[in-house]
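Biologist: Please take one part of this model and describe it closely, giving the cut-offs behind each term.

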Amino acid sequence: MTKLTTPLKVACIGEAMIELAFEGATPRVSFAGDTLNTAIYLRRSLKAAHSVSFFSVVGNDVFSQRMLDFISDHGILTTNISKHPNLLPGLYAIDTAPDGERSFLYWRENSAARTLFEAGFSALEGFDVIYFSAITLAILPKVVRDGFMDWLASCGKTIVFDSNYRPKLWPDTATAQSSVEAAWRLADIGLPSVDDEMALFSDESEQDVIARLTQWGLNFGALKRGSRGPRSIATESVQQPVYQKAHSVVDTTAAGDSFNGAFLGSYFQNSNIAKALVDGHNCSLKVIAHKGAITPTR
């Protein structure tokens, strides 16, 4: 990986959305999104000297301003979130089953975030770490997505990628496969979920997933495996930690996103992958015991 500087400057890129959930019959409005969730948990895991910035586009409306305030209140820098004069943020609604599994309804086809990087990528130059996901790639128009991948290939930054695969966001499977493969070939740190990888690339086992990613040049990261805990992706031998079991599963929203943030924060500061695996897993256990993507800080 690229040598990281101190203090560290991290750019998290993607779409923040309005989140609608229910507590009984009462609606609750909040804000979330996969890379934003990771940014928040990364910020919580890092010492104050380091900074985390979110890159996105919102609207020029009251909900967008509340979203910006929400992001800023969590210690995330919003300087690189622009306001579109006409478009609005995306919206999603959560339905949570008794076992904590959730399903989603989305209204995001014309969201402001889909105009991200229309002015180019120069704002990313001052950062040490670039974090994005397959959802980030999926919402970008093809010409912008291709330009972003070209910029990443020569940027000299530490590239972190999570292949959050959402089939409905892609025009077809082949486009998703080629885009995600290209991202894996560029990534210095990979944070895949075994279910997403098997669904997108038809791997038959987690070992097949790791073998394919290794073949594509990914030599560091963590394979998320749900309740079994993460598995190291590393060229060096890493003893598999013993993980705590979940005592309560209320809502699995942001389980993987929170793992990503805590894992990265731990590894960036300690350079110990075994500790980072445990810290990420323990963070996700706290999140799934809470309703909603973002746990209270108190």
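Modeller: A crossing of two helices is called left-handed if the near helix is turned anticlockwise from the far one by less than a right angle, and right-handed if it is turned clockwise. Helices are DSSP runs of H or I with at least four residues, numbered from the N terminus. This is a predicted model, in which local features need pLDDT of at least 70 and side-chain atom pairs count only at pLDDT 80 or more, while totals for chains, interfaces and linings use all residues. Residues are numbered from 1 along each chain as its sequence is written, and side-chain values use heavy atoms, with hydrogens and water left out.

The crossing of H1 with H8 is right-handed. On the H1 side, Asp34, Asn37, Thr38, Tyr41, Leu42 and Ser45 make the contact (heavy atoms within 4.5 Å), and their counterparts in H8 include Asp257, Asn260, Leu264 and Gln269. This contact comprises four nonpolar, eight polar and two charged residues, where Ala, Val, Leu, Ile, Met, Phe, Trp, Tyr, Cys and Pro count as nonpolar, Asp, Glu, Lys and Arg as charged, and the others, Gly among them, as polar.

From H8, residues including Ala255, Phe259, Phe263, Tyr267 and Asn270 meet H9 residues, among them Ile273, Leu277, Cys283, Val287 and Ile288. Eleven nonpolar, six polar and two charged residues make up the contact of H8 with H9. Ser258 and Ala262 of H8 take part in the contact with H9 and also in the contact with H1.

Terms used: Helices (H or I, at least four residues) and strands (E, at least two) are DSSP runs, numbered from the N terminus.
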